[in-house]
Amino acid sequence: MRRGTAYGAVALGALAFLATSSVADVPPERLPLLAIPVTPSPTPTPTPTTPQRPEREPVDCAKVKCVALTFDDGPGFDTMRLLDILKRNKAHATFFVVGPQARHFRKDVERAFVEGHELGVHTEHHLQLNRKSLSKKKIHDEIDKTRQTLKDYLGIDPTLFRPPYGATDKRVKAETKSQGLAQILWDTDTLDWKYQSASGIASRARHGLRRGAIILMHDIYPTTVDAVQRILDTCKSRGLTPVTVTELLGGTTTPGREYFDATESH
Ligand code: NI
């Protein structure tokens, strides 16, 4: 038994090395600024108490003008502040989390869920999954481990996935389909990872704020969180209600399918 355990540890170490070395292949300008280093983390264990979601009537986007604000790569050090702003404005959003971040900031994940936000999978190591060099198993594991973390923490199966860099292909589609996840892209990129200025982020968001839009942001940048109140003010002035992605898409999504906004044209 001891020998088996030792071999297991060696195998895990080798896997962790492979995973970490792949991150270095991502173009540096597109690397997410993770709040903590990507390090191997223990397999999540089921939580004994599942946070209860307070009753909240889903918003009917056939009746009201909806928009979806989405935040990737977190949670991070500014996520709690973002949740405070959303709460104050009675606005809801969707968080596409990276596995190690979710496990490090578990309280943020649970709070977001309890406050009526939606959580989706953004993979373990933020790799570009449409690379031919990635094995089918690696693609599976990158999605599955983060999905399991959310399932363990929240007690429900996540249904949304956002491919890192928006990079998807047939293999990623097949994998997300088998894991019950719709692929959520976006139609407005605030470029908040590139230009960290709150007024610039708010301005780029303003250009895309219309009924049915999916806005891409990242809650790991303080400047992004600084921009959110202005974005919510614009929503209010345009009569737009910020909702979760699933609400925006009419309450259900199809696993494997790509969504860019709430129109039927894609
Ligand atoms: Ni990302």
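1. L69 touches A93, T94, L209, I215, M217, I231, L232, P242 and V243, leaving aside residues up to four places away in sequence; a contact here means heavy atoms within 4.5 Å. The model is predicted, so local features need pLDDT of at least 70 and side-chain atom pairs count only at pLDDT 80 or more, while totals for chains, interfaces and linings use all residues. Numbering runs from 1 along each chain as its sequence is written, and side-chain values use heavy atoms, with hydrogens and water left out.

2. L69 is also one of the residues with the most contacts inside the largest nonpolar core, together with F95, L119 and I231. That core has 43 residues. Helix α8 (residues 222-237) gives the most to it, with six residues. Apart from this core lies another, of 13 residues, among them C61, I214, V243 and V245. A nonpolar core is a set of buried Ala, Val, Leu, Ile, Met, Phe, Trp, Tyr and Cys residues joined through side-chain atoms within 4.5 Å. Buried means under 20% relative accessible area, exposed over 50%, and partly exposed in between (1.4 Å probe, protein chains only).

3. The protein chain has nine helices and nine strands. Helices (H or I, at least four residues) and strands (E, at least two) are DSSP runs numbered from the N terminus. Of the 266 residues of the protein chain, 52% count as buried. Among contacts in the protein chain with a separation of 6 or more, 78% join residues 24 or more positions apart.

4. The structure holds two aromatic pairs. Rings of Phe, Tyr and Trp (its six-membered ring) pair if their centres lie within 6.5 Å; planes under 30 degrees apart count as stacked, over 60 as edge-to-face and the rest as tilted. F71 and F95 are stacked, because their ring centres are 5.6 Å apart and their planes are at 25°. F71 lies in strand β1 (residues 66-72) and F95 in strand β2 (residues 94-97), so the pair ties together parts that are 24 residues apart in sequence. F71 is buried at 0% relative accessibility, and F95 is buried at 3%.

5. F77 and F105 form an edge-to-face pair, 5.2 Å centre to centre with 85° between the planes. F77 is in the loop between β1 and α2 (79-88), and F105 is in the loop between α3 (99-104) and α4 (106-114), so this pair ties together parts that are 28 residues apart in sequence. F77 counts as exposed at 60% relative accessibility, whereas F105 is buried, with a relative accessible area of 9%.

6. Helices α2 and α8 pack at an angle of about 5°, with their axes 10 Å apart. Axes are lines fitted to C-alpha atoms, for helices over the stretch in contact, and angles run from 0 to 180 degrees between N-to-C directions. The angle makes α2 roughly parallel to α8 (angles under 35 degrees count as roughly parallel, over 145 as roughly antiparallel, 65 to 115 as roughly perpendicular and the rest as oblique). On the α2 side the contact is made by R81, L82, I85, L86 and R88, and on the α8 side by P222, V225, D226, V228, Q229 and L232.

7. D187 is placed in the loop between β5 (182-184) and β6 (188-189). D187 is partly exposed, at 29% relative accessibility. Not counting residues up to four places away in sequence, D187 touches R210, A213, I214, F260 and D261.
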